[in-house]
Amino acid sequence: MTAVVETRDLTVRYAGATALDGVDLTVHDHEMVALIGANGAGKSTLVKALSGLLRPDSGTITVDGRLAQVPEGREMFGDLTVDDNLRLGGWRNGRGGRDTTAIYDLLPDLAGIRTRRAGALSGGQQQMVAIGRALMARPDVLVVDELSLGLAPLIVTTLVGHLRALNTGRGLAVLLIEQNARLALDLCDRAYVLEAGRIALHGRAADLARDPRVAAAYLGGHIEVTR
Amino acid sequence: MSDLIGYLVTGLGIGAGFALVASGLVAIYRVTRVVNFAQGAFAVLAAMLTASLLGAGVPHGLAELGGVTLGALTGLLVGAVAVGRPGTSPGTSLIVTLGLGVLAYAVEIVIWGDQPRSYPGVPGVAELAGARLQAHYLLIIAVTVPVFALMAWFFTRTDPGRALSACASNRYAAQVVGIDVRRMGLLAFTLGGALGGLAGVLTTPVQQVTFDSDVALIVNGFAAAVLGGLTRPVVALAGGLLLGVAQTLAAGYGGGAYQVEVALVLMLTVMIVQAARTGPVAETAR
Ligand SMILES: Nc1ncnc2c1ncn2[C@@H]1O[C@H](COP(=O)(O)OP(=O)(O)OP(=O)(O)O)[C@@H](O)[C@H]1O
Ligand SMILES: [Mg+2]
């Protein structure tokens, strides 16, 4: 197992406030990793640092291959069509890498809305576009910042199905940031818990799901006692 | 009746010039959020160079192309100074463009002097449904319409155009997909420079140019652009044409030269109405 993403002692500060403080995090090939944490813990800051949109104050980030992100809030090009949103996802690939047909095979729901304005879509459709747009970059690792936030359960199930298929079918590594900790821990192999910019816990997702500290803070206080 | 048609077509010709200036402002504002006060200078510089080139025996077409190219290069230069440094706020950039516009006066006076210049355009008088008007107005319209069609195609059907539209639509998302928004800002300034240059080159045969002609152009161009919140090229086109026609009608039937006043009243009305509805212009444009 080789690491596609590895941060060492990663620290990011905003004008005084420390948002990430010595974060060590690894995502291996073919792996699904969850990152959970309360509001303001620093999750989106980590996403921005991994994507190169924020420069770390110290520490290192190593990405082996291509990383693409589904940003928090979906961040559509609202005035543009679905197809143009997808196409721009392949911007870094150059002209030859901007053909969108493969995305409609992967995410057939998008085919019917390809000429619609992205700004006029439902939240679930926009999240699908955001995933498709990220896939256009032909990533080795996909970072999803808040998959389910504000979406109906049915569409979340669909989106989760797509992520799982991409992971098992194409070996796409996934770093999933998710408010719904139970969903994230069910879906992923390993997980990290971020608290106030530090990694408080990490390990196998199944183990963390049973950890009373995780249960108390992130799973609604219920410890699911088995037997 | 024939008077009216004459005024209308003349107004459309003048308005097309305003629309080109306006669309340059819009092209730049959408991508960079900077109101470019040097926009009129692109037109003046382009017109002055074209006059010199024609004077030196360069044929029509080539001379105008030279003028538009100078407009584009000046646009790039203004962009580099105004938005080239990362982290410059749009407010700071606006002041920079204002300063560069004034600097352009000095350059123009040193090179071309302070006397008005012009050059012949399409010669002769055209007859249109009984109305007689300078044939050159028809050329202005005949060039402007395809230019707007070309822009619509560029912004929606080409990847650089889509990338510019993407920066206008969601700057953060543009960065997420790897678009260099600073470079796109420079591209927008270059495009704005070319459009401003084209306006100057096209209108100079019917309206001679002096170093300070940029004031009337920027006032009219801004008035047209602000109709669409500085972000909608099609509205800027309509606004420019409307303004041109309104001014020609005012001058034709009202007598006197109230051209700039018409633009100012329209602009202030639009801005006050928009401000009352949704806050300052910068906000409505989001
Ligand atoms: N641009 C910024 N300038 C200053 N502080 C910021 C900035 N962005 C985020 N912060 C602060 O950094 C901390 C981490 O923010 P971040 O957005 O990374 O958290 P998060 O875990 O993604 O939260 P959420 O669950 O609300 O999305 C917060 O305290 C936040 O207020
Ligand atoms: Mg966040």
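On the side of chain B that touches chain A, the elements giving two or more residues are α6 (159-169) and α7 (171-176) of chain B, and α6(B) gives the most, with seven. This is a predicted model, so local features need pLDDT of at least 70 and side-chain atom pairs count only at pLDDT 80 or more, while totals for chains, interfaces and linings use all residues. Residues are numbered from 1 along each chain as its sequence is written, chains are lettered from A and ligands numbered from 1 in the order written, and side-chain values use heavy atoms, leaving out hydrogens and water.

The contact (heavy atoms within 4.5 Å) takes 18 residues from chain B and 19 from chain A. Three salt bridges turn up between the two chains (a side-chain nitrogen of Lys or Arg within 4 Å of a carboxyl oxygen of Asp or Glu). One of these pairs R162(B) with D84(A), with the closest N and O atoms 2.7 Å apart.

As for ligand 1, G40(A), K43(A), S44(A), T45(A) and E72(A) come nearest among the 13 residues around it (a heavy atom within 4 Å). An oxygen atom of ligand 1 sits 2.7 Å from a side-chain N or O atom of E72(A), and a polar side-chain atom of N39(A) lies 3.1 Å from a ligand 1 oxygen.

Note on methods
Helix = DSSP H or I, 4+ residues; strand = E, 2+ residues; numbered from the N terminus. Polar contact = N/O pair within 3.5 Å; in protein donor to acceptor, adjacent residues only side chain to side chain.
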